[in-house]
Amino acid sequence: MTLQISSLKEYQDTYKRSIEDPEGFWAEQANTFQWRKPFDKVLDWNFDEPNIKWFVDGKLNITENCLDRHIPERGDQVAILWEPNDPDGEVVTYTYKELLAAVNKCANGLKSLGIGKGDRVVFYMPMVPELAIGVLACARIGAIHSVVFAGFSAQALADRVDDAEAKLIICSDYNNRGLKNIKVKQVVEDAMDLGCNSIEHVLVHKNTGGEINWSDDIDKWWHDVVDHQSAECPAEEMDSEDILFILYTSGSTGKPKGVVHTIGGYMVYTCYSFLNVFQYKPGDIYWCTADIGWITGHSYIVYGPLLAGATTMMFEGVPTFPDPGRFWQICEKHKVNQFYTAPTAIRALMAKGEEWPAKYDLSSLRVLGSVGEPINEEAWNWYNEQVGHGKCPIVDTWWQTETGGILISPLPGITDTKPTYASYPLPGVQTVLMDSDGNELEGNNVEGLLCIKAPWPAILRTTYGDHERCRQVYFSTFKGMYFTGDGARRDEEGRIRVIGRVDDVINVSGHRMGTAEVENAINEHPAVVESAVVGYPHKIKGQGIYAYVITQNEDTDDILRKSILDVVVKEIGPIAKPDKIQFVNGLPKTRSGKIMRRILRKIASRDSANLGDTSTLLNPEVVEEVKEGALV
């Protein structure tokens, strides 16, 4: 088992050793896993190209470490505990033995459809056990999985399938979320009409059994392909640096980036970070409420917990159905020990009142986690008092799709916690703050740009099919540094507070949305001439989307607003819908034609008293007009 820190002195000593001798430190962690062939070298790297290799020439299969190696000791322990959308529905459990058998059957089913090592498989599924089983089945046979959140539009799905050149889509017929019954298969069909020319088959899991269209040439039922297969499937031998998955994330340009994670380093880091950040102990019930469509679900519902031999919960539903006590009812029902959710959910539940958590016995909880965005102080205090009753440390975790795992977090019961602070870096993570001129800011009580000056095992390796984009976005701003794109502050004790994005990316409910991506969607509307999108403070979501839109129409009314929103939903999905659309006659621009989003951000945030010098703008008179029409 990987080494778990248990005291403050041990954290301090471990951190020091991990920075002074990173190769020795990570070799120690890696050697607790099963390797088919030991690695020849721990690390080979430079950040200029970038070229990063961990556990060089080591051979392994990650599913042998997630499943097979646990069978002798915990074969009958529950690996996945699934709670359905309907509180009266049947809870489904898979022991490690049962999960291994299910993964092997699915792996054999994928092989029967011609899927093999290196092939890309896209998932567009609700939070059902088959999603986790399918992901692990890909890893079993060396196929590369790419999970697309099942709330994205057909166009967004098609873009991701085409970029990955996937051979197979795995989806469900419908998806239960609260009172909604969402037509998942229909979205896949619509995506196929928009592209997806590389797709050979669509594998459909019968989730609700509703009516769907069917093509005998392409469509296959999960139960026909998987259920009769053998429960034995030898794991494919993989190289440590073979691709495990591609996960698409929004960037500051319109085209989503396929972040690539490889097998060996990701395996070592997700297990190590899971055990330490959540202080998981054998017999605990751990629940992360994220969707597997996001990196949090990959690292801290599937891989991290299973590598550690944990019992990990999956939840199909939403926090407010059938009432705002649903999360707390589940915590009581399953005696959850570690609970990991997003500030958006906490704020939404806080707005419903403290009487909801008060109805349930939450005494089993030991650790509360927060993920997706910095948690504001009011939500932190409510979470601490109403859910944790002041007895559960809150781990306010900072990390990204690109980092693969948690990089900065308190360690519960070991390091201290402070509202709004992610606190301290994990062992092996060398955080630095830089000023905009490229100088490192030494000491405490400083604010700058958050960078990391050496690789950790789960760092991204490339952006799929476009390595130059990876270099430009993450490694070109500061020489020899990974630039996170976030600003941060270090307090007098060295704790780190992440302030937020410094590029054109908005963090909506913990999900990154590129402003260019949303603008491109708005501009698809035939009446739109030009648009500019910025983030603004939002009480529940953290950041909302504020769109300034120039149209050809005289009538700028709610009907036009709705039709613009419909286009955004069609192009990206409901998650990208602007919260506010302000119709304007012009946008503030520099003389070179660049939109001054800094000014628009201030107006949207009701901070228009201090806009700075606007006289150098091409059209300074527009600023007053935009200010006067701002939506409160």
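Helix H15 is followed by His-389, whose phi is positive, near 50°. This is a predicted model, in which local features need pLDDT of at least 70, side-chain atom pairs count only at pLDDT 80 or more, and totals for chains, interfaces and linings use all residues. Residues are numbered from 1 along each chain as its sequence is written, and side-chain values use heavy atoms, with hydrogens and water left out.

Helices (H or I, at least four residues) and strands (E, at least two) are DSSP runs, numbered from the N terminus. H15 spans residues 377-387, and its buried residues are Ala-379, Trp-380, Trp-382, Tyr-383, Asn-384, Gln-386 and Val-387. Buried means under 20% relative accessible area, exposed over 50%, and partly exposed in between (1.4 Å probe, protein chains only). These residues pack against helices H12, H13 and H14 and strands S18, S19 and S20. Contact means heavy atoms within 4.5 Å.

Now the sheet. Seven strands form an open sheet with mixed pairing, in the order S5-S4-S17-S16-S18-S19-S20. Strands S5 (92-95) and S20 (394-396) stand at the edges with a single partner strand each, so one side of each has no neighbour in the sheet. Neighbouring strands are turned by 20° against each other on average, direction ignored. Two strands pair if DSSP finds at least two bridges between them. S4 (residues 78-83) and S17 (residues 311-315) run parallel and are joined by four bridges. Leu-81 has Met-313 in S17 as its bridge partner. Helix H5 (residues 96-112) lies across S4 and S5, at about 90° to S5.

Two helix pairs come next. Axes are lines fitted to C-alpha atoms, for helices over the stretch in contact, and angles run from 0 to 180 degrees between N-to-C directions.

| Helix pair | Axes come within | Crossing angle |
|---|---|---|
| H7 (residues 154-164) and H8 (residues 184-194) | 8 Å | roughly 60° |
| H2 (residues 22-30) and H10 (residues 263-278) | 10 Å | roughly 85° |

H2 is therefore roughly perpendicular to H10, whereas H7 and H8 are oblique to each other. Angles under 35 degrees count as roughly parallel, over 145 as roughly antiparallel, 65 to 115 as roughly perpendicular and the rest as oblique.

Which residues of H2 meet H10? They are Phe-25, Trp-26, Gln-29 and Ala-30, and they meet Val-268, Tyr-269 and Tyr-272. In H7, Ala-154, Gln-155, Leu-157 and Ala-158 meet Val-187, Val-188, Asp-190, Ala-191 and Leu-194 of H8.
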